[in-house]
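Dear colleague,

Please find below the sequence and structure that I am handing over to you. My notes on what was found follow directly after them.

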Amino acid sequence: MGRHNRVYAKIDLGAVAYNMEQMKLRIGGGAQMVAVIKTDGYGHGAVPIAELFEKTDYVWGYAVATLEEAVGLREAGIRKPILVLGCVFPDQYGEMVSYEIRAAVYTKEMATGMAEAAKKKNKTAYLHIKIDTGMGRIGFPASDESADVIAEIAKFPYAKAEGMFTHFAKADETDKAFTLKQHERFIRMQKALEERNTVIPYLSCDNSAGIIDFPEFKHHLVRAGISLYGMYPSDEVDKSAVCLRPALELISHVSYVKEVEEGTPISYGGTFTAPKRMRVATIPVGYGDGYPRTLSNKGAVLIHGKRARVLGRVCMDQFMVDVTDIPNVRFMDQATLIGCDGNERISVEELSRLSGRFHYEFVCCLGKRIPRVYTLPGEACGPKDMEYGMPSGYTLPGEACGPKDMEYGMPSGYTSPGEACGSKDI
Ligand SMILES: *Cc1c(COP(=O)(O)O)cnc(C)c1O
């Protein structure tokens, strides 16, 4: 990694493909997958992930949050359907239609504007009707009046009401009552439309938590986001139902090592003072890279397979760690900020907990300044990776699989869960 000594994110596309396959196994036949790759694929890189699924037949397409994200994918050569989950604004309708980008539609005016833009170009506007069943964000209210409007929209020339979807607000929580209520409202809308002789081909409500805990709500499309990146939506979902592998590691190298005397303050504000003679290493990464400042005096990195805790404040571009008890740490030695080294592992979830940053948010906030380096499916089991040992105290990729999941069988061509961490450890 000569070109990326300072820091790089190692993205294991084999893990992403594996996670997609596990989520598909969970929902079974009938439904197709939508890969949710908003915010540049939750910080992992939207284009390489979309490319990974262009030829996977059970992946219907992709979902993003903005029209700009969708256009970026098209310009990178992505051809499958792309759905914008958020608002497409009126000045963007022309572009939306030209690129055949699907849009969430939740007012009659939107549908009218999109159909008009399509007429001008003699094309079709693909509409995905959004229903608010309890998220309270965007969507037609689940009501008979909305059904009247949607039935009208479905007859617009130059427009095709291709999909109807809703979003669960609490599917990742232990108490499932609210999700059942939301699903009931969604089904009632489907029936209300049928009564108005309106059939929409693609219905969708499950997000990752829904796929894991409500696979029976799959309908035609399910939308997997966080799970593709190897993380569970929360600790309250049934983790034994689906086995996921983390897809991201964050690797840096030591930029300086020094001895300090007792009483030496470290970093801005001197919030840490050496209580004894210590060895201190500097890591050339900071909150400017998305490494949270709230990890000051809290976080840790892995050097030579051991934990080195953060000393003092995290700066914009650097922070210091304690290597007093780690022998022979030198300039340029590898420091693993996220990932496995020896018997230790630092997960996104751990750093999220310590920093008070939601795990979805943590990966989204990894800075643009960090280069992403991709490992293709199969490539992850290189000799170097076999050195990874068993993380102590964390859930290993693979460990979350209950016995039931062993029946899933191995996806062809991918590294098995845990394989990247050395077979002796399984
Ligand atoms: C982000 C998002 C998803 C994906 O949710 P995950 O919990 O990451 O799987 C699905 N649907 C909508 C509408 C979203 O905004």
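The ligand is surrounded by 13 residues, the closest being Lys38, Tyr42, Ser208, Ile226 and Tyr360; a residue counts as near a molecule if one of its heavy atoms lies within 4 Å of it. This is a predicted model, in which local features need pLDDT of at least 70 and side-chain atom pairs count only at pLDDT 80 or more, while totals for chains, interfaces and linings use all residues. Residues are numbered from 1 along each chain as its sequence is written, and side-chain values use heavy atoms, with hydrogens and water left out.

By class, the shell around the ligand comprises six nonpolar, four polar and three charged residues. In this scheme Ala, Val, Leu, Ile, Met, Phe, Trp, Tyr, Cys and Pro are nonpolar, Asp, Glu, Lys and Arg are charged, and the others, Gly among them, are polar. At least two residues of the shell come from each of helix 2 (38–42) and strand 10 (221–224); helices (H or I, at least four residues) and strands (E, at least two) are DSSP runs, numbered from the N terminus.

An N or O atom in the side chain of Arg223 is 2.8 Å from a nitrogen atom of the ligand, and for the side chain of His167 the distance from an N or O atom to a ligand nitrogen atom is 3.3 Å. Gly225 takes part through its backbone, with an N or O atom 2.9 Å from an oxygen atom of the ligand. Of the 390 Å² that the ligand exposes when taken alone, the protein buries 93% (Shrake-Rupley method, 1.4 Å probe; for residues, only the protein chains shown count as cover).

Tyr42 is placed in helix 2 and counts as buried because its relative accessibility is 5%; buried means under 20% relative accessible area, exposed over 50%, and partly exposed in between (1.4 Å probe, protein chains only). Asn197, likewise not a glycine, has a positive phi of about 55 degrees. Asn197 lies in the loop between helix 8 (177–195) and strand 9 (202–204) and is exposed, with a relative accessible area of 73%.

Two buried strand residues follow. Ser252, in strand 11 (residues 248–253), has 0% relative accessibility and is therefore buried. A polar atom of the Ser252 side chain lies 2.6 Å from the backbone oxygen of Arg6. Thr336 belongs to strand 19 (residues 334–341) and is buried, with a relative accessible area of 0%; its side chain makes a polar contact of 3.2 Å with the side chain of Gln334.

Lastly, two loop glycines. Gly356, between helix 10 (348–355) and helix 11 (359–364), is exposed at 68% relative accessible area. Gly270, in the loop between strand 13 (265–266) and strand 14 (272–273), is partly exposed at 27%.

With kind regards

Notes: A polar contact is a pair of N or O atoms within 3.5 Å; within protein, one must be able to donate a hydrogen and the other to accept it, and residues adjacent in sequence count only if both atoms are side-chain atoms.
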